[in-house]
Amino acid sequence: MPTHQEQPFCTLRRVMGVRTCESRCLFSGSKGEVCCIEPLHAKVELRDHPITQYSLLAMASLTKILVIGLKPSLKVWMTFPYGRMDPSSVPLLAWHFVAVQNAVNPMLAFCRGDVVHFLLVKRDDTGAIHVTKQRQLHLHYDLINFTWINSRTAVLLDSVEKLHVIDRQTQEELETIEISEVQLVYNSSHFKSLATGGNVSEALALVGEKACYQSISSCGGQIFYLGTKSVHVMTLRSWRERVDHLLKQERLTDALALAWSFYEGKAKAVVGLSGDTSKRKAVIADRMVEILLHYADRTLKKCPDQGKIQVMEQHFQDVVPVIVDYCLLLQRTDLLFNQIYDKMSENSVAKGIFLECLEPYILSDKLMGITAQVMKDLLLHFQDKNRLENLEACIVHMDITSLDIQQVVLLCWENHLYDAMIYVYNSGMNDFISPMEKLFKVIAPPLNAGKSLTDEQVVMGNKLLVYISCCLAGRAYPLGDIPEDLVPLVKNQVFEFLIRLHSTEGSVDEEVYPYVRTLLHFDTREFLNVLALTFEDFKNDKQAVEYQQRIVDILLKVMVENSDFTPSQVGCLFTFLARQLAKPNNTLFVNRTLFDQVLEFLCSPDDDSRHSERQQVLLELLQAGGIVQFEESRLIQMAEKAEFYQICEFMYERELRYDKIIGCYLHDPVRKEEVFNYIHNILSMPGYSAEEKQSVWQKALEHIEELLLVSPCKAADLVAIHFSEQIESIITNLQDQSLLFWFLRSLLDPREGINQDLIHLPPCITEQFIELLCQYSPDQVLETLKVLEYCRLEETIQITQKHQLHEASSYLLEKKGDIHGAFLVMLERLQSKLLMLTQDDENSTELPLLENIEDTLMKTIALCRRNSHNLDQQQREALWFPLLEAMMSPQKLSGSSQCRYSESLKSLTMQVLNNMAAFIALPSILQRILQDPVYGKGKLGEIQGLVLGMLDTFNYEQTLLETTTNLLNHDLHWSLCNLRASVTRGLTPKQDYCCICLQQYKRRQETTDEIIVFSCGHLYHSLCLLSKECGMVTKGLMRWMCYKCNSSNKGGKLSENFLELKKGSGASVAQTSSESLLDPQQIQAFDQLCRLNRGTSRLALLTELSRGHGSEKHGLLSVSHGDPATSSVFQNENFQLHLAPPPLAED
């Protein structure tokens, strides 16, 4: 027996009656062991294939595969390495002839692991063999067998004994089967050569664990599996068996879907279908018809006899659409409307669902022809369900030959289904006039009587216009096209109908041209649009030109000779005519005097009604080309007289008289504010000459006062951009002081949005604006001064003092740097209001005055607080003590028990004390109060509340300090407890092997070797650590350092500390004999603890807060004038607040 190392090629001969065998080595064991050999077998019908003469043989070793040709001489055609794979995976090979690109050639499938490679083998004209790679199949499981069942389908067996049926072309997994009960026989003993003592390599023995080459074989579309007790045969079901299998499970919908996939040729692993495509489809269609009939019978039998009607409807809605869908897919309408419809008619609910299922197919034009009976039932069903809109949509998509025309027309007219009615007349009887007559009979009487139409009549009128438009354009209504041979006839019939002198059933007093008159009254603009679209289609057809001129003459006769049309309607007509006359190939003739009559009519000064409507109509007429019909000077004269300013603008623009247009805007009450955009565009946009721009600039300057009356803000914006050098002259010429104020406010106040860089005005202009602001809007002075960029302080202060605006004066004095002067202004105002409060009689209400006092006091306190930082102690006392004295004076003058506002004043006084305590020391405040002549005589009852309030503040801050100290102590205690717990707790290793030599610590036999475990969980042998210089003796004790952590923390704190320790520097871990000695492990644990709790400490935060407010806190606790440090913990980009309780220490 040959071994796995050598693969011989044997030739059997018979010489002199004796059988002999010659062998030749094909594959040496030096290149690996061969696990699998697969020759290329050809079926009888492929024996003449040119590739068979080479006797191809595929061999799979543990590292690669080879394709060898044995004839005519031994030759290796291809080698292919596996690449990375699981060493326990089994190499697999399988040949099969497949059809690729209209040619049948052998394909080799090979794999080892979870990737299947497909190689296509071809022979060219020279006799050479070419092997090309095809698509790869990537799996999520390891294979132990690959078997072709046909050219498109393969069966794969994975390592957990699951069969996977795979389609080769789509790589889709079609089915999965568990075959563990087969108890498959494996070839492990042969691969391990147990019979000969196991003289194989470990790699081959490992592969043998899953080898089952001789246990699986395929033949004739069947796969045989050898089990320990039986042989199992696997085969693909035929297409009919697969369908029947689903039917047995009563999965009829799935069975139909599968059969349809066979019909379309999209199914996978198809077996049992032969012949050409039409023959296969006929066989499948017959089977599907049987299933559909069975499905219909089963649906009726399974229908719930009892229960709600909704249950029955849901039952049929789940089934009936499926049956209808497949009948139409098979184009078996005869089956659908005969046998199946007869079955469904046995149940009224099923019949209704069936009829409703037809609607989407009718609307999508997939179902055109319906039997007369079904059509009748469909109409009755929709009528009973009151689904008339659905019914109308269906009718216009149906073949008219299946309808009862008389019945449908009556039904449509009674239910206002006008689209369906028109469709039946047009398609069924080629009658395009009768629908129009019916609709005119409904909408004409109320229009002639001057009555308003109902909503239903408006809908009818709109449909009539659309229908006429479609007919004249050669389109069918509501969809489709009129047959080409009928288009000229239909157009002539519709035109003749419209221009009839009288209607067929008209009365004696009926006006001429009733149909045109009705359409003009209904919607003049749309009717003329329909005619305009129709005229576009007219070519050099003589009859069409005659129709065009004739209908224009009728329109003029109907509208001009009657006074019952509005100016808008008349204007629409002449706009329509102007557009037609302006065309280059125009053949129409219209008397020019008619246009003059229209102009007189629209510009009539005696008629003030519909002014904007008449102007708009005339404008549209001119824009449509009608201007050529008028004398321009007369037109401008009449437009000015009629105050048609848009017409004047249109004419002036034609004459390039842009300056005159400014007056048009200013006189037009509707468009006044548009004048600013117009002037700006003319002056800034290119395309206008310098003379034109100058005339507009001069005209705008002349009307500047009128522009300011329209919008001061927009006028100021325009002036800033285009008239910046004339601002002073404009201000001088403005006589109206109120208008001047609004102009200056819009110009100088930055909040108005004007770019101040465009304006360069002397300071006197700003002071003039502030003077006017003090007169017209004194409440806005302070806010305006805060945003004004250019103003002289001395002059502005004089203006505000002149008008007694104390807050504005105080703001300006503070801005000037006179803090004391600003304070005195506010103090004087506060004292005056307090005096008013004390002098009020009992009947006056002091509430508004108290609110005013509180507001003034808050502003004064804010002034003092803003500036106390930059003042020395004496200057601060000069601010705060007069303010305190001012608030306490009213309480001294009248007894606090009798004064009805004493409580409010005490509250305000406490606010003064609380704010000044941040800048004035407490002893100074108490001393100042006790030195008062009133309180120096022993009357301390009046200030008892003030003193107690200050003491309460002191107690609060003392409690806050104690609480903060307790928190810091608790933090320190918690940190030390955690440190102690971290450096003294037991250690658990993460693994059972040394992190340096990667051997288990149990296997090392050296007696001197110790096991070192660090707090990080890494484990080492002591000798391994010494080899890496991670241990040293210090004061008689061995100190160790984790090699892995120290290596990963390059340049970090741990390695630095350890190097310093080795060098014996002053920064050693062993510090003094009186302190506890920390070894490197403890240092590492401490470092880890610090990293976990990294952040700013509470002590640092409190220290920073005390430093930040050091210059303010001169009251109750200490007096300090030190400047805060330039660096702050709050300015650090890494500053974070960890607002969470500390973690519990581990035991």
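The model shown is predicted, so local features are described only at pLDDT of at least 70 and side-chain atom pairs only at pLDDT 80 or more, whereas totals for chains, interfaces and linings use all residues. Residues are numbered from 1 along each chain as its sequence is written, and side-chain values use heavy atoms, with hydrogens and water left out.

**View A. The buried face of helix α3.** W239, V243, L246 and L247 of α3 are buried (under 20% relative accessible area, with exposed meaning over 50% and partly exposed in between; 1.4 Å probe, protein chains only). These residues cover an arc of only 105 degrees around the axis, which puts them on the same side of α3; the arc is that of the directions from the helix axis to the C-beta atoms. Helices (H or I, at least four residues) are DSSP runs, numbered from the N terminus. Following α3 is E250, with a positive phi near 60 degrees.

**View B. The salt bridge between D244 and R287.** The side chains of D244 and R287 form a salt bridge with an N to O distance of 2.5 Å (a side-chain nitrogen of Lys or Arg within 4 Å of a carboxyl oxygen of Asp or Glu). This pair links distant parts of the chain, with D244 in helix α3 (residues 239-248) and R287 in helix α5 (residues 277-301), 43 residues apart. D244 is partly exposed at a relative accessible area of 24%, whereas R287 counts as buried at 15%. A network of salt bridges links D244, R287 and E290.

**View C. The salt bridge between K859 and E807.** The closest N and O atoms of K859 and E807 lie 2.7 Å apart in a salt bridge. Distant parts of the chain are linked by this pair: K859 belongs to helix α36 (residues 847-868) and E807 to helix α34 (residues 806-816), 52 residues apart. K859 is partly exposed, at 32% relative accessibility.

**View D. The salt bridge between E795 and R792.** The side chains of E795 and R792 meet in a salt bridge at 3.9 Å, N to O. E795 is partly exposed, with a relative accessible area of 29%, and R792 is also partly exposed, at 37%. A search of the whole structure finds 27 salt bridges.

How values were computed. Helix = DSSP H or I, 4+ residues; strand = E, 2+ residues; numbered from the N terminus.
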